[in-house]
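Notebook open, structure loaded. I'll jot down what I look up as I go.

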Amino acid sequence: MGQDNDDGSASRSAIPLIAGAIVTAQATMSIATVMGDRLTQLGWGRKILFTFGLATLPVRCALIILWRNSGDAFLLSTQVLDGLGGGFFGLLHPMLVADITFGSGRFNVVSEFRNKS
């Protein structure tokens, strides 16, 4: 990947891999958001789901390191963990901020700290 062809032209072999990584992560993120919403309605705690989403990211990074020479399919499979973490974060962040700032009138201020970082 990323090397030139024999005739000196640029190789475009990374384009399908990048597109697949984006689509896989976004599709998983959408599914994780719906699944997380249903789990919170069933009584699962928000902090438990947030912790699960947070735990997926170091696992994803470790798998990328371990599978770096295993091929494109293994790299794409790590995007599922990225989508789970992103889906749970996107869903639960406003809820956790609302829990933390309840009654203080500072929801927007605390939400902007996350948006600025």
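This is a predicted model: local features need pLDDT of at least 70, side-chain atom pairs count only at pLDDT 80 or more; totals for chains, interfaces and linings use all residues.

Next I went back over α1 itself. It covers residues 14-41, which makes 28 residues. From first C-alpha to last I get 41 Å, close to the 40 Å expected at 1.5 Å a residue.

Which residues of α1 are buried? My list reads Leu 17, Gly 20, Ala 21, Ala 25, Thr 28, Ala 32, Gly 36, Leu 39 and Thr 40. I then checked what covers these buried residues, and the cover includes α2 and α3.

That sent me to the α2 and α3 pair. Helix α2 spans residues 46-66 and helix α3 spans residues 72-100. I have them packing at an angle of about 150°, with the axes 8 Å apart. The cut-off for roughly antiparallel is over 145 degrees, so α2 counts as roughly antiparallel to α3. The crossing of α2 past α3 is left-handed. Sorting their contact by class, I find 16 nonpolar, five polar and five charged residues.

Last, I zoomed out to the whole protein chain. How many helices and strands does it have? I count four helices and zero strands, and the order from the N terminus on is α-α-α-α. The chain has 117 residues, and 25% of them are buried. I also looked at contacts between residues at least 6 apart in sequence: 62% of these join residues at least 24 apart.

How values were computed: Residues are numbered from 1 along each chain as its sequence is written. Side-chain values use heavy atoms; hydrogens and water are left out. Axes are lines fitted to C-alpha atoms, for helices over the stretch in contact, and angles run from 0 to 180 degrees between N-to-C directions. Helices (H or I, at least four residues) and strands (E, at least two) are DSSP runs, numbered from the N terminus. Angles under 35 degrees count as roughly parallel, over 145 as roughly antiparallel, 65 to 115 as roughly perpendicular and the rest as oblique. A crossing is left-handed if the near helix is turned anticlockwise from the far one by less than a right angle, and right-handed if clockwise. Ala, Val, Leu, Ile, Met, Phe, Trp, Tyr, Cys and Pro count as nonpolar, Asp, Glu, Lys and Arg as charged, and the others, Gly among them, as polar. The expected span of a helix is 1.5 Å times one less than its number of residues. Buried means under 20% relative accessible area, exposed over 50%, partly exposed in between (1.4 Å probe, protein chains only). Contact means heavy atoms within 4.5 Å.
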